[in-house]
Amino acid sequence: MRKIWDLIGGVHPPENKHQSVQQSIGTLPLPEKLVIPLNQHIGAPPKVLVNEGDYVLKGQALAEPNGMVSVGVHAPTSGTITGISDYPIPHPSGMSARCITLIPDRLDQWIDHSGVADYLSYSPAKLLEMIREAGIAGLGGAGFPSAVKLSARKPISTLIINGTECEPYITADDMLMREHPTEIVEGIKILAYLLGNPEEVLIGIEDNKPEAYEALQPLLAGSNIELVEFPTRYPSGGEKQLIQILTGKEVPSGGLPADIGIVCQNVGTTYAIQRAICHGEPLISRVTTVTGRACTINRNYQILIGTPISHLLKHNGYDHNHCARLIMGGPMMGFTLTDTDIPVIKTTNCILAPSTEELPAPPPAQPCIRCGLCAEACPASLLPQQLFWYAQSQNYERLEAHNLFDCIECGACSYVCPSSIPLVQYYRAAKGDIRRQNQEKIKSDRARARFEFQQARKEKEEAEKVAKREARKLAAEKARALAAEQPGSAPGPDDIVKAAMARAAQQKASPEEQRARLERGVARAESHLQTVEHRLQTAQQEDSEQHLEQAKAAVEDARLRLEDARRKLAELGTVQDSAASNVMARIQASPGEAQEKKIASLKERIALTQQKIAEADDEGLKTALQSGLDKQLAKLQEAEQQLAETPAAAESPAPAATVDAAAAAIARAQARAASMSSMSEEDKLRESIISLEGRIEKAKAKLDEAKASESEHVDALQTGLDRLQQKLLSEREKCAAFAGHSQAPCAPQQPSTAESAAEPKPQDAASAAIARAQARASELANMSEQDKLQETVSSLQSRLKKARVKLRDAEAEGSEHVDVLRTAAEKLQTKLAAAEQQLAEYQS
């Protein structure tokens, strides 16, 4: 006989299990609808694969795993997808989450599926992938993905199958062991193979389940699987408590069973793994106990995932007026349901509907009498009385010192308390407060680190500026000294330009340096992603909500950062090739080709000016436009003459004749300055008016396009347009005063709406942008409200993604705009949440 260690603490509440084991596991008719939550497990929610209106078959994947710690969900029956939206889910807070609504077609048609005839011929990695794709998570606890739990990084010496089911009223595992012992034993052998055949394989079962014991025992002959029976006591079904009972080993505080070479799995999970490997069936149903005196029928059912609780109660004779409170789970660790339309999920093992006599309301709490019964009942060897005092006084430091987070919230302390103090509720509230404090501390530490980094960067930049100024000062002094010694060697403008270009070339990183820097960035991003994924896995295995959300966000941010780094590295070669091609094209381009482009540009400007002259009614404006047209014609004639004088040698230009881009730009600027200096003040004003009119047209086009796309830059564009219009008005007033007219001769008369619509507009970039904006506005006007909301959501999602990319780049560079970009991203997130809520309300 194997030695059994005593459970520390524990209580003996009334079992009340006989009511629901009088009949075999039953089935229920298909409900009118199935609501399948996406996230029924610890970890990242899966990625949706279906759309509204899709027809699906039984067992078809509705969502696939999205990350390492994630599992998918599958269709429990065949039917049509009618909605993908937020819906109330089983949770103590009554929260809502994203769910898929399926309307059954009553045909119950399966997809093509088949299992593995000989699982030993498959590698453990392949079998683990099959378990992951089948959507299997732990059915007896918090729903941790089974494939991750079975991928132990340390050698496993003991496999424990938990058949204890110590919570009162619940008999789902008991009936499963009675009716499906062969499948459970085969599933245990599959688990042992995945874990490298551990030395010990133990099935833990309490002595209040003799029928289950007798069903399993004959099937274990000739195997190394040992069925261990021990006295009934609550909460012996806890993972750490069961390990201590069967092995005498204790899982360290904050540690995992795998740290001491042990893996523990529930019998329901074992059965689901056998169905997935041997029959190819995903997890689409589970055994659930429906019991309590408020139901006329107490029984276990094989229930489809997504079945509404109201459907179960309807077929069990539920009397709402006779029920004290509806509970999901057992009376010790379950939580009250406020809505009977919430669905059954993978971790739903019991629906309890007790009468007032079975579960009377607790009496008012009295002062603690320091009897010490709570400490005797605690299975984790904690000090509940001290924890209660510290929780009342919000002494969080002492709570953590007394290992508050080792509390499994079994409720044994509250059960034995003669003062009826709700101890577990105090502990839960204190845990939540500590988690919030830790999150705020992390945020403040990050903010302080960003501030200190920003200050250090500014100090470094200022020091570099000072050093550069000193270097330039010394260089200038040396140049002046050299010029004084050699009067004929003073540097000219060309030498200064060449020196500046040489310094810029030296400061610019070479392509090899850029590639090396980007490769180092990719390596750092990959290493960071592995680190945060390991951190997420650790938080999820510990079933700790303290760092779970933070770890999820860190993984998503690291993944996007890695994608950006890889994209930039991939684009480097393309950009360098394109830049090289452009340089060669400019070098090889003949002077004749450049002159032809200049002539084509002048002809377009002349045509546009002629169009404006034809539209203008004011004589002063026509005079100004005609003056500008004359100058453009003169430039065109000069350009054509230069093209005619271009030598034929341009077909094979010599490299020495290539005009440097910087020198050409300087020459154009000097020519423009000379041209402006030779113009009269009136001509300058008219040239300025023409330029401002063109800029205003482009600004209006950009503003219209921004308004149509609901861009965040609308206000900035409107401000810029107002400034241009104010400047144009000022220039026209100056022109009118200069010409001595009573009315501004330079102000154009706006054509009537009919004339404007009838006359053709030049097809420039501004007109094209206006046309696009008008087309977009017309398209939005013809859309339904739902389509408009969907378009808004899509646009906000795209803008939010771009904003996050900019924020990450700014954080990586230590930019001073980080806070501004973060505020913008948060505003977009708020707008997106509001738009998604409006869309969900409209669809519902």
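Please keep in mind that the model is predicted.

I'll start with the strands. Strand 4 covers residues 61–64, and strand 2, residues 47–48, runs antiparallel to it, with two bridges joining them. In that pairing, Lys-47 stands opposite Glu-64 of strand 4. Strand 4 also pairs with strand 5, residues 73–74, again in the antiparallel sense and over two bridges. There, Ala-61 has His-74 of strand 5 as its bridge partner.

In soluble globular proteins, nonpolar side chains tend to be buried together. Here, the largest nonpolar core has 47 residues, and the members that touch the most others are Leu-150 and Ile-277. Which helix gives the most to this core? That is helix 4, residues 181–194, with eight residues.

What does Leu-150 touch, if we leave out residues up to four places away in sequence? The list is Leu-128, Ile-131, Leu-191, Leu-194, Leu-195, Val-263, Gln-265 and Ile-273.

Now the charged pairs. The structure holds 19 salt bridges, and I'll go through three of them.

One is Arg-2 with Glu-200, where the closest N and O atoms are 3.0 Å apart. This pair links distant parts of the chain: Arg-2 sits in the segment before strand 1, Glu-200 sits in strand 9, residues 200–206, and the two are 198 residues apart. Are these two residues buried, exposed or partly exposed? Arg-2 has 23% relative accessibility, so it counts as partly exposed. Glu-200 is at 27%, and therefore also counts as partly exposed. The pair belongs to a network of salt bridges that links Arg-2, Glu-200 and Glu-226.

Another is Lys-209 with Glu-206, with 3.6 Å between the closest N and O atoms.

The last one is Arg-275 with Glu-281, where the closest N and O atoms are 2.8 Å apart.

Methods. Residues numbered from 1 in each chain as written. Predicted model: local features only at pLDDT ≥ 70, side-chain atom pairs only at ≥ 80, totals over all residues. Heavy atoms only, no water. Pairing = 2+ DSSP bridges. Helix = DSSP H or I, 4+ residues; strand = E, 2+ residues; numbered from the N terminus. Core = buried A, V, L, I, M, F, W, Y, C linked by side-chain atoms within 4.5 Å. Buried < 20%, exposed > 50% of the residue type's maximum accessible area, 1.4 Å probe, protein only. Contact = heavy atoms within 4.5 Å. Salt bridge = Lys/Arg side-chain N within 4 Å of Asp/Glu carboxyl O.
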